[in-house]
Amino acid sequence: MTFQRIALLAAVPLALAQVQTQPPGTPWPASTYPNATDPLTDGGAVFGQTSPPKYPSPWGEGLGDWEAAYAQARSFVSQLTLTEKVNLTTGVGWESEKCVGNTGSIPRIGFKALCMQDSPLGVRDTDFNSAFPAGMTIAATWDRSLFYQRGFGMGSEHKGKGVDAQLGPVVGPLGRQPAGGRGWEGFSPDPVLSGIAVGETVKGIQAAGVMATTKHFILNEQEHFRQGAPPASLGTNAISSNLDDVTMHELYLWPFADAVRAGTASIMCSYNKINNSQACQNSYTQNYLLKNELGFQGFIMSDWSAQHSGVSGALAGLDQTMPGDIGFDSGTSYYGPNLTIAVLNGTVPQWRLDDMAVRIMAAWYYVDRAANQVPDSPNFSSWTLDTFGYQHFYQSEDYTQINYHVDVRGEHAQEIRAQAAAGTVLLKNNGALPLTGKERLTAVFGYDSAENPWGPNGCGDRGCDNGTLAMGWGSGTANFPYLITPLEAIKAEVVGNGGGFESVTDNYAYNQMVALGRRVSQVGGACIAFGNADSGEGYITVDNNTGDRNNLTIWGDFDTLVADVTSQCNNTIVVLHTVGPVLTNSFVNNTNVTAIIWAGIPGQESGNSITDILYGKVNPGGKLPFTLGSSRGEYGVDILYQPNNGNSNSPQDDFQEGVFIDYRHFDKVGETPIYEFGFGLSYTTFAYSNLQVQSHAAPAYTAPPGNTGPAPTYGSISNNSADYVFPADFNPLPFYIYSYINSTSLSASSGDPLYGINYTFPAGGYDSSSQPYLPAGGAPGGNPGLYDVLFTVTATITNTGSVVGDEVAQLYLNLGGPNDPKVVLRNFDRLTIQPGATATFSADITRRDLSNWDTASQNWFISSATKTVFVGTSSRKLPLTTTLDLSGITTGPSGGSGGNSTAPSYYSASSMMSSSSMMYSSSMMSSMTSASSSSAGGYSSSASSPSTSAPSSSLGGYSSTSAMSSSSSPAGGYSASSPSTSAPSSSLGGYSSTSAMSSSSSPAGGYSASMTSASTTSASSPAPYSSSFSTATSYRTPPAYTSTTKTPPSYSSMSAYSAYVLSGCYKTNFTAWTSNDSTAVGTRQVKESVGSALMKRRRALAGRSILLRVG
């Protein structure tokens, strides 16, 4: 192992050198940038580093305010059969039901399938819904009340459509790279601003009676290589985000802790690898960080097709797989019948399945879904807007009414208008604004002001940049009910005031723009130039931008547009709709550019919101949620556009910058931004004075006492496999994922030719004994002591202007350590102040705010270094400052560990099994000492003899010398031998982790109990639904196959040897495979040939067929 690590480190310069060339059109080098850190001298992230194993998966206890929900969930789950429990954990397959994600139902007790639906800014794929401002725009309001209001509005609309779980909000990506494709879905690259925003959004969504799904956990910071290919040679070898323990805690995990503390029902695991272990089977991030340290009580849901294993994923903490099938419409599943088999043969213990089911149901009860049902739910179909169609879209079965066109918008339009205006940031104003409305001639320039010629929803998932930008592209979108463009809103304002109005919306009509600009200057008036920069999810490419942006320029040759207009017009106002930072160098200092506005991604009321700002109906009070620099290189990090680890291995994205992203990096290297983080002007002015600090007595910070109880089980499970075979009168739908098995023989049901070969799962995954709480854990969000208030800071803010306005007062800290950022945001408040009046800004500082992460003790500590507090208007305008008196507060060593710590990295191979950081109980330490090099979902890298504490399964079991290659997480799940009590086996996940979209063995299984049985509810158990949810109306029995449907072979024949799977649209071929690392001799890769119709939505985007993703 030592030799391998040295060899990999030595290969870093070569690997970096190999990626300096770039394909035509790529505007920036692939891995090294000005101000980037040196991988050979900097601590922290390491090329090829691995993730430590952490087992068992913590069982939920009902911590915090979850106790009542857990009591109900335990009672509910106790009455379920094995297949009914499995139904809660497994989606029924892509396009098999009406939502983008649907679980199986439980007809026996009248429990309908759960509906999971995008997006983080509104209900996706339906009509008569609102299109809210994007997360980045609402973050620019810096207003807690608006964070909550927007969350409640979105949650209310999801509830009205019959959705159980809204797939949002987003704090992953956090926004590490300014060109990252999905940063606009989230809030800000600052963890505190994002943390407060996500916490209030979660509260709002769930107050409406819908489960929030905070995503994507974690380090999913770019779209390139998030699932591996392209290039095709990568297969499913997704990019690995490599980082150190300090950076994880002090930056990327921070907002997820706030979401957990706010009670988020679900967390979605991401596509990427984390230190070379797939996120959805990474035992360290899911078991140790999320469920143990953060005390997460809800359930972990996979992103769509982000699951890469069965048993391994279950043991590593994955509770629910979405959409259920391995590849879209493949008819195969890692869970479903394979999870049923795994529980029967012991490779997944009953307590783990019970915990999965209890977590899901506890989340359901936590938001009181039973009291928030609507008729005909879900009352829409994600696959068509037609009123009538197929209930099971992919199967073309059950033709009925599928869209009820329920209008769920309520009064949200006015809220959206106000939210977008509040998130509009005034960057420059030389007295041009506000406009009076009496200008003789107002001219608007640029396509960003106008309607998309194809209509606001004319591009699938908003996958184009035609017309004004009010939403990025991808699964994080919603259909517009309408889109008010800036052109029409400004025109209405001007005409209503009796002024003249003209426009040129073609960015390349240079002569016409010059001529119009000259007329405005001659007669007196204003020129308003609109520009944008778009991005989105990586399954859509727009203008050669594959999710991530290729550069930070403003699109549509906007620099030339501004140059042409300002060459004639001396009163040019620039308005920018962008998904993040852009370069404004060419015009920011142009004297004829009299004002610049960042209007973000405003949603459906775009034109009304910007008109309110331009004409002074709303005084701008928004502040930048990111930094605007003068060059791309100033940010220090960027997108990895090319593979840097060979053509078939996971690209390695080393987060060597540590915690220094966005403004923290600018401060560290002394770069002067054009507009700093937190900056924003107003039509009035403010003065700051009278900084005061009050200290508070707080209890000592201590580790939570005691241990958990032992893992509980709920109800009994029959060990008779005949109880779980498809009922004789059951007519399964093709490609639908069920939880039934095909025969009483588990090996035959698995259909896996490798069922029974030797593979040992990590022993800790089966430890059901009581476990110690982590020092930093003990409650949702972490140790409750972290949230003790130690200081309260106050300051006086005076409106020194002549109009009422909003000011966002911001509190920053310098933690004093040599590796700490110059300043970090820790609190803020948005205050409305009348002219001449004063207001008091008050902000608390918690123990968490003052703490650094210690890798040795695996806990937070307050260093003895001097702590300085700053209050001001932005990260660089901080007129008030004082030091904090730490007397009476227990402190640790001087100097925070910071982002580029030289302290031992928790992820380094040499320390990954440190006894101080282990989650194992002392009774199992001896069995795991030989597994110190294990990665890949936490597998033991040295196999031991199978035993009941370490059931064995297939996939070859990596040798201890292959830890660096095994970190891609074998999806194994194959059983080690014929089922027995001494060596339980399973087919679960019987697919190689390198083939996430594979389509091998075992058709999936699903509805529990007979679908034709009457709906009954046990009087002794909670009644999740009223009797109105009857089997007759809600659970249509799938019809028998007709002559138009190909009759599949018997389910037991659907194995790895079968070249015919249900519809016969593809073949599955298995090929022996050996890793590039010659020691990984036990692994294999599943290869497949997929018909052109498989896994593709039959929907065109501008004439192109696209692969639809979600999550």
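Which pattern do the disulfides of the protein follow, with bonded cysteines counted along the chain? The pattern is 1-2, 3-4, 5-6, 7-8. The structure is a predicted model, in which local features need pLDDT of at least 70 and side-chain atom pairs count only at pLDDT 80 or more, while totals for chains, interfaces and linings use all residues. Residues are numbered from 1 along each chain as its sequence is written, and side-chain values use heavy atoms, with hydrogens and water left out.

The protein contains 25 helices and 33 strands; these elements are DSSP runs numbered from the N terminus, helices being H or I runs of at least four residues and strands being E runs of at least two. Of the 1111 residues in the protein, 67% are buried, where buried denotes under 20% relative accessible area, exposed over 50%, and partly exposed the range in between (1.4 Å probe, protein chains only). The accessible surface amounts to about 32200 Å², and carbon and sulfur atoms account for 52% of this area.

A disulfide is a covalent bond between the sulfur atoms of two cysteines. A search of the whole structure, with a disulfide taken as a pair of cysteine sulfur atoms within 2.5 Å, finds four of them. One of these joins C99 and C115, whose sulfur atoms are 2.0 Å apart. This pair links distant parts of the chain, with C99 in the loop between α4 (82–89) and β1 (101–102) and C115 in strand β2 (residues 115–117), 16 residues apart. The torsion about the S-S bond of C99 and C115 is about -100 degrees, and the disulfide is therefore left-handed. C99 is buried, with a relative accessible area of 1%, and C115 is likewise buried, with a relative accessible area of 1%.

C269 and C280 are also joined by a disulfide, with an S to S distance of 2.0 Å. Because C269 lies in strand β6 (residues 266–269) and C280 in the loop between β8 (277–278) and α10 (283–293), the pair ties together parts that are eleven residues apart in sequence. The link of C269 and C280 is right-handed, with 105 degrees about the S-S bond, and both cysteines are buried. A further disulfide connects C459 to C464, with an S to S distance of 1.9 Å. Here the torsion about the S-S bond is about 90 degrees, so the disulfide of C459 and C464 is right-handed. C459 and C464 are both buried.

Charged side chains were considered next. Salt bridges, each a side-chain nitrogen of Lys or Arg within 4 Å of a carboxyl oxygen of Asp or Glu, number 32 in the whole structure. R124 and D118 form one of them, their closest N and O atoms being 2.9 Å apart. R124 is buried, with a relative accessible area of 1%, as is D118, with a relative accessible area of 0%. D118 and R124 belong to a network of salt bridges that also links D125, K215 and D461. Another salt bridge is formed by the side chains of E185 and R182 (2.6 Å, N to O), and both of these residues are buried.

The side chains of D612 and R417 likewise meet in a salt bridge (2.8 Å, N to O). D612 lies in helix α19 (residues 606–614) and R417 in helix α14 (residues 412–422), so the pair ties together parts that are 195 residues apart in sequence. D612 counts as buried because its relative accessibility is 7%, whereas R417, at 21%, counts as partly exposed.

R664, located in helix α20 (residues 663–669), is buried yet has no salt bridge. The nearest side chain of opposite charge is that of D190, 4.2 Å away; Lys and Arg count as positive and Asp and Glu as negative, and His and the chain ends are not counted. When residues up to four places away in sequence are left out, R664 touches several residues, including D190, E250, P821 and R826.

Y399 lies in strand β11 (residues 397–401) and counts as exposed because its relative accessibility is 54%.

Technical notes:
Areas by Shrake-Rupley, 256 points an atom, 1.4 Å probe, with all protein chains shown as cover. Contact = heavy atoms within 4.5 Å.
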